[in-house]
Structures are given as structure tokens and as C-alpha cells.
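Biologist: I'm new to this one. Can you walk me through it, a piece at a time?
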Amino acid sequence: MSTGRVDQGRRLPRALLGFALLLPLSAWAEDACPPEGTDAGSLQLLKQQDFKVEDAATRNTLAIRLLGCLSSPDPALRDGIAYEALTAWLRGNALEAGTRARLRDDLYAMLQAPDTEGFARPFAALVLSEVARTDRIAPWMTPGERVAMVDQAVGYLRSVQDYRGFDNAQGWRHGVAHGSDWLMQLALNPALERAQLESMLAAIATQAVPESAHAYVFGEPGRLARPVLYIAKRGVLADADWSAWFLGLPARIGEREKAYSDTAWLARRHDLLAFLTSVYLEADQSADAPIKALKGPVVLALKTIP
């Protein structure tokens with residue numbers, strides 16, 4: 001989004017406009033942020049101009065180069081520039097198929113790489129949700145690539161152990177929420193089959209009531225509810241399947257003997273109640289019959305919680 005009017009006489013610095021043509025892609029530092037040939041000022045100007053880069057080669061190369069900023073501790077570069085630019089170009093169909101595939105594969109690599117500060121993986125997952133969206137809007141992945149993306153998304157959400165959300169100085173990490181957004185985009189894709197949807201639900205269960213007993217305070221239960229709603233909308237699972245899935249969640253709280261006498265038990269109960277409430281409220285307001293039908297299984301699960 002533009003943060004203010006830009007003098008129409010101003011243009012992006014020559015270094016930014018032409019940097020993609022100066023060296024081949026492989027010659028640039030993979031993790032430089034700001035990317036070589038740019039600086040924070042030129043990137044802010046690019047943002048003020050709604051990330052418009054007329055030269056396609058420059059735009060596609062800059063998209064790859066901005067991945068290095070997803071691990072930046074500076075939220076203005078990470079969230080305000082890299083994520084917003086990539087989202088604008090992906091949603092605007094402004095990146096070539098080869099660039100989208102390169103983004104996907106590089107982001108997969110980021111999910112496996114060390115992440116000392118805890119920004120790279122959550123923001124890789126968030127950008128991957130936008131990559132997944134492009135395939136939903138206009139399919140370009142092969143069936144095998146789509147299944148592999150589900151496996152990557154499921155593996156990522158299951159793996160999240162860093163539950164930091166918002167920091168006043170450094171902004172968002174939000175791994176569970178970003179992983180949920182990725183699953184939501186996949187859940188909306190009609191090309192996915194039941195097996196993929198079930199694997200997504202299994203992953204959601206692990207974070208709806210995390211074993212580590214972290215009490216959510218940054219809206220994660222509501223974000224986890226979204227892919228569940230869209231999986232239900234597909235109408236692939238029967239009522240009995242949903243009842244079994246929801247009734248399986250309370251067992252994750254822990255031993256009933258610890259009820260109200262153990263902090264970990266209380267944290268898990270808090271998370272489960274927040275998740276089930278989020279699903280119920282959305283289902284109650286929905287006009288979509290398969291989503292509305294979730295209310296019954298949710299109520300049954302709520303009744304089993306001490």
C-alpha cells in the first residue's frame with residue numbers, strides 16, 4: 001500500500017531500474033538485504049510507487065533477490081517491503097512461471113535452513129501461501145508438485161516450535177498463523193484430494209493443542225480455524241469423519257487427573273477452547289451448509305472438555 005503521494009517527477013534510482021541486467025542471477029549474493037544495487041531508500045520509493053517495475057526482467061530478478069529480506073530483523077524491510085512486494089507481484093500476475101517456481105523452491109530451502117532469529121521460516125511460509133494461491137487461481141504446478149507442496153506445508157506447520165508472535169521492536173514472527181495461511185490457500189484448491197486434506201487436518205490438530213503447552217495470545221486459533229472451514233466446504237469428509245476429528249482433540253489436553261492443577265494442562269485447555277470457539281463462531285455465521293454442519297461436532301467436543 002502507498003504510504004503517501006510521490007512526486008510524479010521522481011523515478012526509481014537507475015541502480016534499481018537496471019540492476020537485473022548488470023549481472024546474471026547467479027552472480028548476486030543470495031541473502032543480501034537490501035539486494036545489491038538497491039538500498040533502503042530506493043526500496044521505500046518502490047513501495048510508494050506500489051511496487052511498479054516496468055521492466056519484466058528487472059521485476060522478476062528483484063523478486064528472487066528480495067527473498068533475502070524475509071529473514072531481516074527490520075520489519076520495514078521484511079514485512080513492509082519483501083512480503084508486500086512479492087504479494088503484489090504474485091497477486092498481480094506480474095511474475096513469470098519460471099520465477100514462481102524458483103521462488104517456491106528457494107522458499108522450501110529456507111524452511112530447511114537454520115533460522116537463528118526466527119523470521120525466515122515464518123515469512124517463507126507466508127510467501128508460499130501466496131505462491132499456492134497463484135496455482136489455485138490459474139493452475140501451473142503439476143499434480144506431483146502440488147502434492148509435494150502439501151507435504152511441505154504440513155511438515156512446516158507440524159515443525160513449528162517457535163511460538164513468538166509480535167515484538168514491539170522487530171514486528172511479527174507468527175509461525176503457526178503463517179503456516180495456517182498456507183494451508184488455507186491449499187484447502188481452497190479444488191485439485192487437492194482427500195488424502196491431502198486429511199494430512200492437513202492432522203497437522204492442524206498438532207498446533208490447535210500444541211504439545212509444548214504454549215498459550216496463544218496472537219490470534220493463532222482463529223487462523224488455524226480457517227483451513228478447517230475451507231476443508232469442510234469441499235464436502236469431501238462425512239459428518240462421522242468430522243465428529244471423530246473434533247472428538248479426538250480434547251485428549252491432547254493431557255491427563256484428566258491434572259485438570260486445573262497443572263499449568264501445561266491449563267494452557268492446552270485454553271488453546272483448545274479458543275480453537276473450537278473460533279470454528280463454532282465462523283460456522284454459526286456461515287451460509288454454507290457443509291461449514292455450518294461443523295457446529296454439531298464442535299459442541300460435542302466442547303462437552304467432553306473438563
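Biologist: Is Thr-134 buried or exposed, and why?
Modeller: Thr-134 counts as buried because its relative accessibility is 10%. Buried means under 20% relative accessible area, exposed over 50%, and partly exposed in between, with a 1.4 Å probe and protein chains only. Keep in mind that this is a predicted model: local features need pLDDT of at least 70, side-chain atom pairs count only at pLDDT 80 or more, and totals for chains, interfaces and linings use all residues. Residues are numbered from 1 along each chain as its sequence is written, and side-chain values use heavy atoms, with hydrogens and water left out.

Biologist: Where is Thr-134 found?
Modeller: In helix α6, residues 120-137. Helices are DSSP runs of H or I with at least four residues, strands are E runs of at least two, and both are numbered from the N terminus.

Biologist: What does Thr-134 touch?
Modeller: Leu-90, Arg-100, Pro-139 and Trp-140, leaving out residues up to four places away in sequence. Contact means heavy atoms within 4.5 Å. The Thr-134 side chain also reaches the backbone oxygen of Val-131, at 2.6 Å.

Biologist: What sits over the ring of Trp-140?
Modeller: The charged end of Arg-100, 5.0 Å from the ring centre. That label needs NZ of Lys or CZ of Arg within 6 Å of the ring centre and within 35 degrees of the ring normal.

Biologist: How many aromatic pairs are there in the whole structure?
Modeller: Nine. Rings of Phe, Tyr and Trp (its six-membered ring) pair if their centres lie within 6.5 Å; planes under 30 degrees apart count as stacked, over 60 as edge-to-face, the rest as tilted. One of them is Trp-245 with Phe-275: edge-to-face, 6.1 Å centre to centre, 75° between the planes.

Biologist: Which parts does that pair tie together?
Modeller: Trp-245 is in helix α11 and Phe-275 in helix α12, so the pair joins parts 30 residues apart in sequence. Trp-245 and Phe-275 are both buried. Ring pairs also link Trp-242, Trp-245, Phe-246 and Phe-275 into a cluster.

Biologist: Now α10. How many of its residues are buried?
Modeller: Ten of 14, so α10 is mostly covered. Its buried residues pack against α7, α8, α9, α11, α12 and α13 (289-292). Just after α10, Gly-235 has a positive phi of about 70°.

Biologist: And what do the buried residues of α9 pack against?
Modeller: α7 (143-159), α8 (175-187), α10 (220-233), α11 (239-248) and α12 (263-285).

Biologist: What about confidence, in pLDDT?
Modeller: pLDDT is the predictor's confidence in each residue, from 0 to 100. The chain's mean is 92, and 90% of its residues reach 70 or more. Over residues 1-11 the pLDDT is below 50. Residues 17-29 stay under 50 too.

Definitions and conventions: A polar contact is a pair of N or O atoms within 3.5 Å; within protein, one must be able to donate a hydrogen and the other to accept it, and residues adjacent in sequence count only if both atoms are side-chain atoms.
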